[in-house]
Amino acid sequence: MDSIIIQSGPTLNGKVRVSGAKNSSLPLLFSTLLAPGAHKFSNVPELKDITSTAELLKSLNCGFSQKGNDVEVLVEDAKNPEAHYDLVRKMRASVLSLGPLLARYGFARVSLPGGCAIGARPINLHLEAMEKMGATIKIVDGYVEAKADKLKGTVISFDGVTVTGTENVMMAAVLAEGETVLENAAKEPEVLDLANYLIKMGAKIQGAGSSIIKITGVNALKPSTHKVMADRIEAGTLLIAGAITGGEVEVVGIEPVLIAALTQKMSECGFKFSIQKDSIKVHALSKWHGADVTTAPYPDFATDLQAQYMALMTVAHGTSIISETVFENRFMHVTELMRLGADITPKTKIAVVRGRPGGLVGAPVMATDLRASASLVLAGLVAKGETKVSRIYHLDRGYEKLEEKLSSLGAKIRRVN
Ligand code: EPZ
């Protein structure tokens, strides 16, 4: 199992380009199941989750090739529209195959994803919506078995904001009969990126990116081509890497508005930014103070940046209160940060972080989930001496060549197995 070793000390400086978004690539790749033929994508990051998605698509009789960041998916008719447990348990986003398979074949058998480190991750909102569209859904041997001769458009009001729930139901609705209206839909930019590709394939969608999405079903869709949007979570992670070391780092290839909640919060801590059309630069600052944050659906502060922001707060001047409102167990990084000397008091939904400038000391720590592993790498950049982050297969799920990017900015970081 690989680990990453970081020697603290260097201030990170320079420019770094963001990769394509993991959380846009995944729904985009699953949307290909809606239309037979060759789909072409660019700016697809090279990640383990993409490899997992490729395996699942191949099991559904698709061809899949990735050369660098270019991907081609060749969709043929699936003999058996089933997403097997062995594949789904590796990546819960595989549940995004349910909507497309049900819409295209009128039947789908998708393993329940099971929970993960950050929470139970139920998919009740996905299933209730599809039932409202006329599907019969049964849970048999840990699998969702969904049947629908023809899904029918209707008004669906989500009880809670769900990103992949919105994406799954939007993909089910594009081939349904009549109009589907999604209320309380997720407004994440990745939902809009998916809708833009579905529209290129011939879907009729209005309002994606807002909380009301209208989809008018069509008879068939055609494959197209698409460039995956930039990864806003990676962009935020790289900005914090520069900030936490007191350096000046420019993240290129990202629309600043996509991480406005983070840069606004870091401004409250004292950081200054230079904003261009497709880049953000954080300016060097040797002393910043704590600022409270509460995670919430887009456009508010992203839960996927909470762990990384907490690392920044562990060495701030003053105390910050970090509230996690999206997932019920997304403080797994807290105990590992405490092993590095961070002064954190975790409670159920909040963590109180008492900043200790210069107070972190390197130690072996263990990654538990994707964003927690990023948080430990960030803390390792400033924890005196050497920090070894183990189980970084978590990191490899969502960050493309992170250690190369950080090294290019001056970090002393290397992978060992
Ligand atoms: C997506 O997960 C992202 N994953 C997550 O990123 C991200 O943290 C999350 O959205 C929130 O922004 C992908 O896009 C592949 P949700 P998703 O459905 O869709 C509850 C990362 O690090 N809920 O918006 O699974 C759920 O338990 C990953 O890249 C239900 O109760 O998240 C959670 O508390 C981690 N029933 C809340 O809603 C449902 O049917 C938000 O979940 C669905 C969700």
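**Salt bridges in the predicted model**

A salt bridge joins Glu 248 and Lys 281, whose closest N and O atoms are 3.7 Å apart; the term denotes a side-chain nitrogen of Lys or Arg within 4 Å of a carboxyl oxygen of Asp or Glu. Distant parts of the chain are linked by this pair, since Glu 248 is in the loop between α8 (232-244) and β15 (249-252) and Lys 281 is in strand β17 (residues 279-282), 33 residues apart. Helices (H or I, at least four residues) and strands (E, at least two) are DSSP runs, numbered from the N terminus. Glu 248 is partly exposed, with a relative accessible area of 31%, and Lys 281 is also partly exposed, at 23%. Buried stands for under 20% relative accessible area, exposed for over 50%, and partly exposed for values in between (1.4 Å probe, protein chains only).

The model is predicted: local features need pLDDT of at least 70 and side-chain atom pairs count only at pLDDT 80 or more, while totals for chains, interfaces and linings use all residues. Residues are numbered from 1 along each chain as its sequence is written, and side-chain values use heavy atoms, with hydrogens and water left out.

In total, the structure holds 18 salt bridges. One of them is formed by Asp 49 and Lys 22, with the closest N and O atoms 3.8 Å apart. Asp 49 belongs to helix α2 (residues 48-59) and Lys 22 to helix α1 (residues 22-31), 27 residues apart. Both Asp 49 and Lys 22 are buried.

A network of salt bridges links Asp 2, Asp 396, Glu 403 and Arg 415.
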